[in-house]
Amino acid sequence: MREILLSIFKILILSSVISLPVWYFLNISLVGLYIITIVIQIVIGYIYNTWSQDRFEKNLSLKQLELQREIEETAAQATCAYCGEINLIPITPGGDNDFDCLHCEKTNAVYLNITVAQKTNLSDLPPYEISNLDPTLEETKKLFNTNENRTS
Ligand SMILES: [Zn+2]
């Protein structure tokens, strides 16, 4: 309420500052000047408010998106210890990661377990080959050839 009164007071002061000299020097109707300056100020104020609110909402949604991305990067799927439903929870290493289940609303404690493993390097392995050659058949052929050489 106080802000509205202050805004009306500011509008009237600005209208007076603009209207009084114009009325004094150009002899144009003071009431008309007052009405015009007040209307212009209200229109400009409305446009400014709409623009700033739009900008505020855009910034807010961008920040929410950024926050959501941050949460998704550090989030983990955790199964509730009470009802077994899966919850997506943010994980902070060394922090308190307790969460309230979205389904049963009971508080779960989270214990982090770090597993260490050797990193596999696939580029060191020989390339994977697909062959329709039957090795047992090839060996049989070799055996057959050696036998044939012996007989001839
Ligand atoms: Zn639950």
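Mentor: Residues are numbered from 1 along each chain as its sequence is written. In this predicted model, local features need pLDDT of at least 70 and side-chain atom pairs count only at pLDDT 80 or more, whereas totals for chains, interfaces and linings use all residues.

Trainee: Which pattern does the protein chain follow along the sequence?

Mentor: Helices (H or I, at least four residues) and strands (E, at least two) are DSSP runs, numbered from the N terminus. The protein chain has 3 helices and 4 strands. Read along the sequence, their pattern is α-α-β-β-β-β-α.

Trainee: Are α1 and α2 parallel or oblique to each other?

Mentor: The axes, lines fitted to C-alpha atoms over the stretch in contact, have angles that run from 0 to 180 degrees between N-to-C directions. Those of α1 (residues 2-26) and α2 come within 9 Å and cross at roughly 140°. Angles under 35 degrees count as roughly parallel, over 145 as roughly antiparallel, 65 to 115 as roughly perpendicular and the rest as oblique. Helices α1 and α2 are therefore oblique.
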